[in-house]
Amino acid sequence: MAIEFTVNGKAASSDAPPATPLLWVIREELKLTGTKYGCGTGLCGACMVHIDGKRAFSCQTQVSEVAGKAITTIEGLSETSSHPLQKAWLAEQVPQCGYCQSGQIMSAADLLKQNPKPTRAQIVEHMSANICRCGTYQRIVRAVERAAQEA
Amino acid sequence: MTQQTQHLSARTLKRHGAAISRRDVMIGAVGLSFAITLGQGRAAAAVLAAERSGKALSPWVSISADGTITIMSPATEMGQGSMTSLPLIIAEELDADWSKVAVVPAPPIDAIYGNPGFGGMMYTAGSNAVTSYFVPLRTFGAQVRRVLIENAAKKLGVPAGELTTEPSVVVHAKSGRRLGYGEIAAFAEIPEKAPEIKPEQLKKRADFRLIGHDVIRVELPSKINGSAKYSIDQQVPGMIYGAVVRAPVEGSAPDKIGDAKTKAVPGVIGVVKLPYGVGVLAETAWAAFAGRQALDITWTREGQAWGFDSDKGMERFAAAARDPKSAATAWGKAGDVKAEMPKAASVMEAEYRCDYAYHAQMEPLNATASVTGDAAEIWCGTQSQTMAVEAVGKALGIPREKVKLHDTLLGGGFGRRGHRDEEFIIDAVLLAKEAKRPVKMMWTREDDVHNGRHRPISAHYIKAGLDGSGKLLAWHHRVAGDRVTPYMDPVRYEERGKKDFILMLGTDIKGYDVPHQLIEQIYEDSGVRTSPLRGIGFTANKFATESFMDEIARKHEVDPVKFRLALMGSSPRAKRVVERAAEMADWGRKRDGRALGFAYIDYSGSQVAGIAEVSLDRSSGDIKVHDFWCAIDCGIAVQPDNVAAQTESSIVYGLGMALTERITIRDGAVEQSNFYDYRVPRMSDVPLMHIEVIQTDNHPTGAGQMATPLVAPAISSAVAALTGARLRHTPFTPERVLKALA
């Protein structure tokens with residue numbers, strides 16, 4: 001039986017086996033490839049999405065767990081790359097290879113939602129769930145601070 | 001199958017592929033001439049140009065009537081920014097309005113787009129794209145500008161000498177008339193021969209409008225909204241999914257394949273025996289992975305690395321490095337070390353070691369392929385378009401021209417995607433051939449670690465001779481390290497006279513005046529898969545040489561910065577970065593509970609100096625790096641902020657190599673699996689980084705990895721300053737730190 005949920009505000013469903021990680025449903029069935037596969041073990045954060053408004057590792061979430069829930073992916077964060085974090089990410093020239101950045105931005109969006117004016121230490125603690133192998137961390141901190149200021 | 005490679009800004013997407021109209025001007029003759037200046041055979045270039053003449057595309061630049069300027073990017077983009085910097089160099093001399101420029105990836109035609117720094121291959125590595133393409137691309141841009149001016153002169157009936165350009169406009173100041181590049185393109189005639197541009201006719205640095213001025217990297221807007229397309233994001237009509245288990249040891253093959261459980265996984269289509277492993281084909285990605293997990297394979301004990309343990313190997317390498325009787329080949333030589341070392345007033349010696357390390361690019365390796373009859377189509381992220389089409393042609397026994405490449409953005413490269421055999425692409429190709437359908441083949445993270453090709457282990461023995469005044473006279477460095485170049489690229493190894501440059505580069509002590517030097521390699525071959533990894537040999541070799549410089553200075557009670565400056569009489573650029581880094585860090589100031597450590601490198605001409613501020617938990621052995629200062633002079637910085645970004649990036653990479661990243665080999669196989677047992681730096685590990693890009697008029701040199709090798713020696717020396725104990729083995733794990741302190 002199909003599992004039903006919403007993605008970026010639109011109704012979606014999947015016939016995948018219930019234990020299939022949400023990540024692969026989003027990427028290969030729904031073709032929303034901004035959410036990335038990095039480790040498959042919840043260690044790198046490349047697959048980060050929001051489920052009912054909170055960040056979640058989509059590689060660690062079985063599709064059966066999201067029945068009736070609302071999922072937001074990077075593609076749904078804003079219509080026109082206009083989220084304060086997206087603007088700040090460009091202003092600070094954060095991405096290098098860019099592969100992890102969808103997950104970074106989704107993590108940061110979750111932080112600012114809970115805590116609109118985080119301290120540097122709070123940013124570091126929250127964002128240490130995500131790995132960036134290009135080492136853009138310093139610019140990520142600056143971008144989150146900028147977004148918090150300008151939002 | 002006509003899916004476009006999606007690469008860059010919205011503008012680029014519109015311009016890419018067949019979208020360029022027939023009205024676009026063709027500047028083929030100019031491009032042809034440029035191809036010849038790159039040192040390729042005239043005949044080959046002519047043939048390629050003829051093949052391309054039927055298409056409405058020119059080799060490097062095309063300008064459409066609406067003023068859009070399309071520029072080819074010969075380098076692949078893995079975050080280092082070449083896809084912006086190289087077209088920007090053409091745009092500078094062309095005097096193009098950058099906002100009208102669209103960048104598209106160049107096709108794999110070596111004769112036109114090959115990297116002069118790599119014998120004309122299309123290969124993005126060694127932080128050398130800007131260095132090697134700088135003059136050719138400027139010349140080419142200037143040629144196109146000249147053609148536009150000459151056409152405008154004819155149209156306006158004025159001498160070409162009276163015309164100047166502003167961004168994308170030819171201007172006749174006397175009459176106030178102006179012609180946009182797009183307008184000229186509509187009527188332009190292209191000369192048979194490209195106009196000659198002499199070096200002195202290129203712009204002066206002061207006249208640059210783009211070089212040295214930061215622009216937003218062309219692909220960046222696609223990297224903040226999920227629209228950037230990497231290899232793993234490709235969707236090809238009719239495609240299925242593939243996973244592969246490769247043998248734990250190179251040269252080994254599957255002996256018995258237990259695939260009953262695999263075949264029982266819903267969605268699994270089939271199991272494919274490969275010469276080096278076993279593949280699974282499935283309807284979905286998850287079924288392919290589940291089927292892969294369920295395989296039960298035993299391997300033949302063919303292959304050299306069986307039985308090799310890295311810890312024992314390291315002991316053996318270290319013994320070979322220190323034993324003067326070990327067979328060694330000279331890598332570098334100056335003066336006469338053998339004669340002068342015995343005359344030294346005092347002698348010091350030391351040993352250092354570095355472990356295997358893993359690239360850990362964020363995108364696990366993958367490729368999509370389609371094989372039909374005698375042709376193939378591949379979608380992949382590669383550091384070498386040339387190697388990709390050649391490797392696939394070789395695997396299928398077809399000419400490389402029959403391989404259609406869609407090269408995508410890379411989710412990190414770091415040297416991993418530039419091996420001659422491009423084995424991860426071959427996985428996809430062999431599965432697609434078997435499936436007779438397009439296959440997206442993906443490695444899991446665990447595959448990516450287990451199939452890793454690693455930075456080699458190396459053991460270093462260094463001996464230095466000093467005169468009575470404490471001045472460094474003689475330097476002898478012996479490296480026993482696992483071979484890299486003959487494994488990763490046998491073709492270049494032969495071309496470069498069987499020199500293992502990936503292992504040995506950075507053993508030199510450029511920048512320092514030491515009259516007698518001898519650098520030797522003790523060749524070791526464990527059979528373990530090895531690779532160039534960001535910083536290549538520099539990371540291990542500079543850990544040894546710069547830590548040893550510090551030891552010598554401390555032993556003679558000389559300030560380590562002053563000790564180095566005294567040896568830099570012939571290297572003013574070196575002196576400048578060293579002095580600047582010391583100023584930035586306030587080097588002379590003592591810190592409470594913390595200490596500073598210094599390192600300097602001449603990395604292929606780029607001058608870098610770095611200082612780490614470090615504290616240490618003596619009970620746990622944990623090192624904390626609080627701040628890192630770095631001054632870099634890479635000559636003309638085409639994109640200064642990007643040089644700073646690459647420097648930050650390479651410091652973080654160096655931090656991992658220095659503190660936590662360690663691959664161990666047991667019985668020939670990699671022991672680690674994922675980010676829980678291979679720890680890369682996270683945000684909480686990273687120091688505050690203070691970067692200064694020193695702009696000079698020198699020819700641009702690299703920026704993509706130059707600071708990586710600074711980090712380990714700077715930390716080792718900071719810990720020595722703090723505790724008196726010397727860390728000699730990277731990574732500096734807490735156990736090793738505690739052992740050094742004991």
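Lys498(B) sits in the loop between α16 (490–495) and α17 (501–504) of chain B; helices (H or I, at least four residues) and strands (E, at least two) are DSSP runs, numbered from the N terminus. This is a predicted model, where local features need pLDDT of at least 70, side-chain atom pairs count only at pLDDT 80 or more, and totals for chains, interfaces and linings use all residues. Residues are numbered from 1 along each chain as its sequence is written, while chains are lettered from A and ligands numbered from 1 in the order in which they are written.

- Most residues other than glycine have a negative phi, and most peptide bonds are trans.
- Lys498(B) counts as exposed because it has 11 C-beta neighbours inside 10 Å; the cut-offs are 20 or more other C-beta atoms within 10 Å for buried, 12 or fewer for exposed, and partly exposed in between, with C-beta atoms placed from the backbone.
- Asp586(B) is another non-glycine residue with a positive phi, near 55°, and its loop runs between α20 (572–585) and β21 (595–603) of chain B.
- With 12 other C-beta atoms within 10 Å, Asp586(B) is exposed.
- Going from Thr730(B) to Pro731(B), the peptide bond is cis, with omega near -5°.
- You'll find Pro731(B) in the loop between β27 (729–730) and α23 (734–741) of chain B.

**Chain B overall**

- Chain B has 23 helices and 27 strands.
- Its C-alpha trace spans about 80 × 75 × 45 Å along the principal axes.
- The radius of gyration of chain B is 27 Å, which agrees with the value near 27 Å for a compact globule of 742 residues; it is taken over C-alpha atoms, and the globule rule is 2.2 Å times the number of residues to the power 0.38.
- Buried residues account for 58% of the 742 in chain B.
- Of the contacts in chain B with a separation of 6 or more, 78% join residues 24 or more positions apart; a contact means C-beta atoms, placed from the backbone, within 7 Å.

**The nonpolar core**

- The largest nonpolar core has 272 residues; such a core is a set of buried Ala, Val, Leu, Ile, Met, Phe, Trp, Tyr and Cys residues joined through C-beta atoms within 7 Å.
- Helix α6 (residues 129–156) of chain B gives this core its largest share, eleven residues.
- Val429(B) is one of the residues with the most contacts inside the core.
- Beyond four places in sequence, the contacts of Val429(B) include Ala369(B), Val371(B) and Ile378(B).

**Helix α18 of chain B**

- α18 (residues 536–555) of chain B has 20 residues and reaches 30 Å from first C-alpha to last, close to the 28 Å expected at 1.5 Å a residue; that expected span is 1.5 Å times one less than the number of residues.
- 18 of the 20 residues of α18(B) are buried, so the helix is largely enclosed by the rest of the structure.

**Thr124(B)**

- Thr124(B) lies in the loop between α5 (110–113) and α6 of chain B, and is buried, with 29 other C-beta atoms within 10 Å.
- Its contacts beyond four places in sequence include Ala75(B), Thr76(B) and Gln383(B).

**Where the chains meet**

- 45 residues of chain A are in contact with 45 residues of chain B.
- Elements giving two or more residues to the chain A side include α4 (101–114) and α6 (137–150) of chain A.

Methods
Two residues are in contact if their C-beta atoms, placed from the backbone, lie within 7 Å.
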